[in-house]
Amino acid sequence: MAGQQRVYRQRIRSTESLKKIFRAMELIAASRIGKARDRVTAATPYSRALTRAVSAVATHSNVTHPLVTERSDTDRVAVLVVTSDRGMAGAYSASAIREAERLIGRLTDAGKTPVVYATGRRAVSYYSFRGRELAGQWTGNSDAPSVEVAAEIADTLLAAFEAPADQGGVAELHVVFTHFRNMVSQTPRVIRLLPLEIVEGVEARDENEIPPLYEFEPSPEAVLDALLPMYVRSRIYTCLLQAAASELAARQRAMHTATENAEDLVRMYTRLANQARQAEITQEISEIVSGADALAS
Amino acid sequence: MADIEVELVATAGKLWSGTARMVSAKAGEGEIGILAGHEPVLSVLQPGEVRVFPVGGGEPKRWQVEGGFLSFDSNHLTIVADNVVEGARPATSPATH
């Protein structure tokens, strides 16, 4: 009987210490998320300037570029899956991977051969555990991606897109990442990055206003040649930043729930321990009373 | 004469913005100087120095860029650059021009 009580007390102690860990992780995620959101905001002027420039070139000239034309010489398509390095973020990585799997299924049904690239240890271990080959992998710093890593990823993927079909060239590039809508809602999202779809006239202009006639130096082709890789790099960087903010938000929420669950457990075990103690006391009393009765009679 | 609005942005964020009298940079076909009222231009940047001359005169602000592009229309100039270093050209490279 006394053992019962001790077991409960032990469980309360271990749950308390787990609770402290969850609380600490929640606070860490909460403190980093502000920084991650600032980084998303800070990267906006760059991508906006690039988008405007690309659409200016597209509107004012009729040049074509390998990065905007569809390839039909290969059926291989690249899929970049963006996940986190560490777990403890609820369903964050799992739902990104599920979305990627769904996309891969769709692409396979369409008669294409998906080639998977992964960032974040969760995706890497998911695919390597299942013995599926990864064409490229990047791990480390998934919650604070650097410009250099984004550039490296973009350059690898651009090289794959520009490579000839017999040297592992791919015809399309899809990116699966988690879009950060707000603190409570992050949704996995798929975008097709390559070949680029250039949206003309992103900026709404007045009817009377004449769109500026740009002078391109040295030539529209050369400008596009420099712009498009930068654009792809910036898009991938933005995806990584969004994913990082989502990861931190998901982790904060998951750890918050875990802390609450730990509190619930502690409360439950405290009740059980009290019950066990009461039961023990009752039993002792009845033993004493019946002992005394036996002696008296 | 009107001034031009200048924005200098890098991948990680906006580095500088303000008004200027003139901006000079190393464009696709050589040095380009932009004053207010310049025709709209979209140019590749070559590795070199970007100089922003303040409205009231005085010493220009300088940045070293390794590439990127600039776009100018209706007196608004956006310089998008990779690997920007603020300041004049390092003393080690000989100033031959």
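Two strands pair if DSSP finds at least two bridges between them, and the first view of this predicted model applies that criterion to the boundary between its chains.

**View 1. Strand pairing between chain A and chain B.** Strand E6 (215–217) of chain A is joined by 3 bridges to strand E5 (residues 41–45) of chain B, and the two strands run parallel. Within this pairing, Phe216(A) has Leu42(B), a residue of E5(B), as its bridge partner.

**View 2. The side of chain A that touches chain B.** The contact takes 23 residues from chain A and 22 residues from chain B. On the side of chain A that touches chain B, helix H1 (2–60), strand E6 (215–217) and H5 each supply at least two residues, and the largest share, 9 residues, comes from H1(A). By residue class, this side of chain A divides into 20 nonpolar, 1 polar and 2 charged residues.

View 3. Ser234(A) lies in helix H5 of chain A and counts as buried because 23 C-beta neighbours fall inside 10 Å, where the cut-off for a buried residue is 20 or more. Leaving aside neighbours within four places in sequence, the contacts of Ser234(A) are Tyr46(A), Ser47(A), Leu50(A) and, from the other chain, Thr11(B). Gln5(A), by comparison, is 229 residues from Ser234(A) in sequence and 60 Å from it in space, C-alpha to C-alpha.

**View 4. Helix H2 of chain A and its buried face.** Helix H2 (residues 92–109) of chain A has 18 residues that should span 26 Å at 1.5 Å a residue, and its end C-alpha atoms are 26 Å apart, which agrees with that expectation. Buried residues of H2(A) are Tyr92(A), Ser93(A), Ala96(A), Ile97(A), Ala100(A), Leu103(A) and Ile104(A). Seen down the axis of H2(A), these buried residues fall within an arc of 120°, so they line one face of the helix. An α-helix has 3.6 residues a turn, so residues three or four places apart point the same way. Cover for the buried residues of H2(A) includes strand E1 (76–82), strand E2 (113–119), helix H3 (121–129), E4, strand E5 (186–194) and helix H5 (220–296) of chain A. The face turned away from the buried side of H2(A) carries the exposed residues Gly105(A) and Asp109(A), and just after the helix Gly111(A) takes a positive phi of about 85°.

**View 5. The largest nonpolar core, seen around Val81(A).** This core holds 98 residues, of which Val79(A), Val81(A) and Leu227(A) touch the most other members, and H5(A) gives the most to it, with 21 residues. Not counting residues up to four places away in sequence, Val81(A) touches Ala96(A), Ile97(A) and Ala100(A), together with Val116(A), Ala118(A), Ala123(A) and Val176(A); Ala96(A), Ile97(A) and Ala100(A) are also among the buried residues of H2(A).

**View 6. Pro164(A) in a loop of chain A.** Pro164(A) is placed in the loop between helix H4 (147–162) and strand E4 (172–180) of chain A, and it counts as exposed because 9 C-beta neighbours lie inside 10 Å, the cut-off for exposure being 12 or fewer. Pro164(A) and Ala222(A) are separated by 58 residues in sequence and by 22 Å in space, C-alpha to C-alpha.

**View 7. The strands of chain B.** Chain B has 0 helices and 10 strands, and 32% of its 97 residues count as buried. Among contacts in chain B with a separation of 6 or more, 46% are accounted for by residues 24 or more positions apart.

Notes
Residues are numbered from 1 along each chain as its sequence is written. Chains are lettered from A and ligands numbered from 1 in the order in which they are written. This is a predicted model: local features need pLDDT of at least 70, side-chain atom pairs count only at pLDDT 80 or more; totals for chains, interfaces and linings use all residues. Helices (H or I, at least four residues) and strands (E, at least two) are DSSP runs, numbered from the N terminus. The expected span of a helix is 1.5 Å times one less than its number of residues. The arc is that of the directions from the helix axis to the C-beta atoms. Two residues are in contact if their C-beta atoms, placed from the backbone, lie within 7 Å. Ala, Val, Leu, Ile, Met, Phe, Trp, Tyr, Cys and Pro count as nonpolar, Asp, Glu, Lys and Arg as charged, and the others, Gly among them, as polar. A nonpolar core is a set of buried Ala, Val, Leu, Ile, Met, Phe, Trp, Tyr and Cys residues joined through C-beta atoms within 7 Å.
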